[in-house]
Amino acid sequence: ETSSQQKAWKITDFDLGKPLGKGKFGSAYLAREIVSGFICAIKVLNKSELRENKIEKQLRREVEIQSHLRHPNILRLYGYFHDEKKIYLILEFAAQGEMYKILQAKGCFQESEAASYIAQMTNALIYLHGKHVIHRDIKPENLLLSADGRLKIADFGWSVHAPTSRRKTLCGTLDYLPPEMVEGKDHNNAVDLWSLGVLTFEFLVGSPPFEDFSGHDATYRRIASVDLKIPDTISPEAADLIARLLKYSPSKRIPLVEVLNHPWIRKHVPDPY
Ligand SMILES: Nc1ncnc2c1ncn2[C@@H]1O[C@H](COP(=O)(O)OP(=O)(O)OP(=O)(O)O)[C@@H](O)[C@H]1O
Ligand SMILES: O=C(O)c1cc(-c2cccc(F)c2)nc2ccccc12
Ligand SMILES: [Mg+2]
């Protein structure tokens, strides 16, 4: 094939290694491309399951979006192929696995580690929003960590081109959703700013700010009323950044470039240059 055309891969081009984990619709495996020795992750999905759950369109959108993105903090999708029964996604391998498992094991992160991850997230979101892509599903479950400790945004299953309105019913936790999404209103890339605020809070506290175990309605009410209680165990700078991201009005949320300049980030994350 010419360099511009992607090679037509098949599963026998790869040696499959250990299972990396099972998701809702797919299982991921460590894999090595036999000729080059290149290490990657291969996510295997069943066409029948995709059809049953009516998510072919979402998968095609996820693949279309992720395959065109090139950023150090966004998990690469190198290519995909399918045979009669399965779809295979060739993904960058993130050796340290899921961020939420690391967070769960540690309880919460030190402020310097949390600030480093939030700066990486912010850089990835600046790149994404620059391409008019909003992720809409930022949460620790969708973040992976590479061998050298770099955060990788994965799972573009909910990403879309901005601005948009939601047609699909929400499933899973509401914890990360901004008021405009839980209220079913139109929304734009400011939804990722809200989720960045929720993520910062959860990295430092160990649980999301509007969590309410009595159920979706209680969480919904706490999000819609921005019922935010920031514990005094976290620094005033961190609290200030969280409060500037968790604003009810999307246009009042601190812009991404100002997040990078915020004292809490500047204190912990040296300028790369
Ligand atoms: N590129 C990767 N590198 C390392 N581990 C991975 C990779 N992709 C997936 N995994 C592991 O496999 C698990 C399942 O993969 P994934 O989360 O993509 O499937 P999924 O949960 O069905 O997707 P979704 O979260 O959209 O439902 C992940 O939770 C993660 O632990
Ligand atoms: O049999 C197919 O042609 C097929 C292709 C694809 C597909 C093609 C490109 C990218 C992508 F993400 C998915 N998804 C499917 C889902 C369910 C059933 C069949 C298919
Ligand atoms: Mg997953």
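This is a predicted model: local features need pLDDT of at least 70, side-chain atom pairs count only at pLDDT 80 or more; totals for chains, interfaces and linings use all residues.
I take a polar contact to be a pair of N or O atoms within 3.5 Å; within protein, one must be able to donate a hydrogen and the other to accept it, and residues adjacent in sequence count only if both atoms are side-chain atoms.

Residues are numbered from 1 along each chain as its sequence is written, chains are lettered from A and ligands numbered from 1 in the order in which they are written, and side-chain values use heavy atoms, with hydrogens and water left out.

**Ligand 1, contacts.** I started with the polar contacts. A backbone N or O atom of Phe25 is 3.5 Å from an oxygen atom of ligand 1. For Glu92, a backbone N or O atom sits 2.7 Å from a nitrogen atom of the ligand. Glu98 uses a polar side-chain atom, 2.8 Å from a ligand oxygen atom. I then looked up the cover: the protein takes away 85% of the 590 Å² of accessible area that ligand 1 has on its own (Shrake-Rupley method, 1.4 Å probe; for residues, only the protein chains shown count as cover).

**Ligand 1, shell.** I count a residue as near if one of its heavy atoms lies within 4 Å. That gives 18 residues around ligand 1, with Lys24, Lys43, Glu92, Glu98 and Asp155 the closest. β1 gives the most, with 3 residues. Helices (H or I, at least four residues) and strands (E, at least two) are DSSP runs, numbered from the N terminus. By class I get 8 nonpolar, 4 polar and 6 charged (Ala, Val, Leu, Ile, Met, Phe, Trp, Tyr, Cys and Pro are nonpolar, Asp, Glu, Lys and Arg charged, and the others, Gly among them, polar).

**Where does ligand 1 sit?** The space it takes is the largest pocket; to sit there, more than half of its atoms must lie within 2 Å of the grid points. I get a volume of about 1,400 Å³ for this pocket. Of its 50 lining residues, Gly23, Lys43, Glu141, Asn142 and Asp155 are closest to the centre. β1 (14–22), β2 (26–33) and β3 (39–46) are among the elements giving two or more residues to the lining. The lining holds 24 nonpolar, 12 polar and 14 charged residues.

For the terms: on a 1 Å grid over the protein atoms alone, a pocket is an open set of points where a 1.4 Å probe fits, with protein on both sides within 12 Å along at least five of seven lines, and lining residues have an atom within 4 Å of a point. Points are joined across faces, edges and corners, and a volume is the space filled by probe spheres set on them.

**Ligand 2.** Around it I find Lys47, Leu50, Arg51, Glu56, Leu59, Arg60, Val63, Tyr80, His82 and Ile87. A side-chain N or O atom of Lys47 is 2.8 Å from one of the ligand's oxygen atoms. The classes come out as 5 nonpolar, 1 polar and 4 charged.

**Second largest pocket.** I get about 400 Å³ here. It has 17 lining residues, and Ala119, Asn123, Val269, Pro270 and Pro272 are closest to its centre. α4 gives the largest share of the lining, 4 residues.
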